[in-house]
Amino acid sequence: MEIIPNEEAPRADPWPARFGDRGHTDVRRIGAGVEGVVYRLGEGRVAKVWSGRPSAGFELTRRVYADIARHTLPFSTPEILDVEEHEGVLVTYERELPGVAMRADSAHADHERELPTQHTDALLAVLRGLASVPGTEAMRQLTVQGDDRPLWRDHDRFQNALAALVGRAAARHGAALAVHVPDFDGGVERTQEALRSLPDAPVSAIHGDLVPPDIHTDAVGRPVAVLDFGFHTTAGDPALEAAVTAAIWDMYGPYAEEHTAELTRLFAHELGYTSAALTAYQAAYALTTYDLFGLDDSDGHFRWCVEQLCRNAVFSA
């Protein structure tokens with residue numbers, strides 16, 4: 001759940017009193033977003049009150065969080081301690097994660113031209129850490145945003161599963177993309193073939209959406225927490241994580257294209273991933289998320305996906 005910190009609470013907010021009835025004496029609303037509201041409860045816990053999200057699928061999310069949290073990482077990750085429903089509203093109780101957002105999202109603040117070494121070092125530490133967590137059966141059962149079936153269903157190889165997802169996503173509203181992207185059908189086929197042709201790779205935990213607010217750092221810039229799993233979380237090739245992070249770290253700033261190219265080169269060099277894999281995975285990300293927020297050029301994410309595909313060497317070959 002991505003939240004906006006310190007958003008003013010409505011005057012008739014009933015949740016602090018309800019949490020007080022559960023024995024929490026220092027309840028404070030700390031933020032809100034489209035998915036709900038977050039409250040600090042004290043003693044290292046927060047409560048998340050979800051808007052319109054059913055409780056049925058949360059046991060799987062809880063298992064995934066536990067699978068990640070049981071590994072010793074240089075940063076904390078979410079852990080769901082308890083789940084309840086109150087008058088049909090889902091509430092999760094989670095451990096509070098330390099640190100502050102590394103920086104604002106590029107949709108709200110321009111990134112400077114030179115990438116700070118402190119940021120690139122933190123990104124590499126997070127990518128290495130997540131790549132050390134083996135993919136689990138619970139992770140394989142997750143669906144990604146916009147799709148209606150577990151990514152790994154009927155597949156025993158991640159690259160093939162992702163190629164199938166690309167096909168399903170392109171079939172949803174691909175006509176909207178085709179208006180802006182030359183040879184759209186051919187690009188989809190080239191991307192799927194490139195994915196299937198990638199060699200086998202270790203299967204690890206994939207966050208799938210490491211935008212700047214999802215990495216918390218301490219006072220000297222070290223990553224101390226990674227949060228907001230779920231948007232594109234799965235088990236897969238850790239090169240996908242690196243590829244997507246390079247592409248989305250700065251999506252909308254004046255130097256976004258430069259930053260994507262620079263981070264892609266850096267991750268290939270430092271983490272040993274091939275340029276072919278990173279490029280194919282970046283095309284796959286654009287093709288599987290393009291329609292999640294809007295379907296025309298007025299939507300920033302849709303427009304970003306169009307631009308990514310038009311210059312992607314795999315898609316536009």
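Student: Which helix supplies the largest share of the lining of the second largest pocket, and how many residues does that helix give?

Tutor: Happy to look at this with you, keeping in mind that the model is predicted. Helix H8 gives the largest share of that lining, with four residues. H8 spans 256-271, and it is joined by helix H9 (275-289) and helix H10 (300-311), each of the three supplying at least two lining residues. The second largest pocket holds about 220 Å³ of space. Around that space you will find Glu257, Thr260, Ala261, Thr264, Ser275, Thr279, Gln282, Gln308, Arg311, Asn312 and Ala313. Sorted by class, this lining has seven polar residues, two nonpolar and two charged.

For a contrasting view, turn to helices H5 (residues 158-178) and H6 (residues 184-197), whose axes come within 9 Å and cross at roughly 170 degrees. H5 and H6 are therefore roughly antiparallel to each other. On the H5 side, the contact involves Gln159, Asn160, Leu162, Ala163, Val166, Gly167, Ala170, Gly174, Leu177 and Ala178, while H6 brings Phe184, Val188, Gln192, Leu195 and Arg196. By class, nine residues of this contact are nonpolar, five are polar and one is charged.

Arg168 sits in H5 and Asp147 in the loop between helix H4 (137-140) and H5, so the pair, 21 residues apart, links distant parts of the chain. Across the whole structure, a search finds 17 salt bridges.

How values were computed: Residues numbered from 1 in each chain as written. Predicted model: local features only at pLDDT ≥ 70, side-chain atom pairs only at ≥ 80, totals over all residues. Heavy atoms only, no water. Axes fitted to C-alpha atoms, helices over the stretch in contact; angles between N-to-C directions. Parallel < 35°, antiparallel > 145°, perpendicular 65-115°, else oblique. Contact = heavy atoms within 4.5 Å. Nonpolar A, V, L, I, M, F, W, Y, C, P; charged D, E, K, R; others polar. 1 Å grid on protein atoms, 1.4 Å probe; cavity = no way out; pocket = protein on both sides within 12 Å on 5 of 7 lines; lining within 4 Å. Points joined across faces, edges and corners; volume = space filled by probe spheres on them. Salt bridge = Lys/Arg side-chain N within 4 Å of Asp/Glu carboxyl O.
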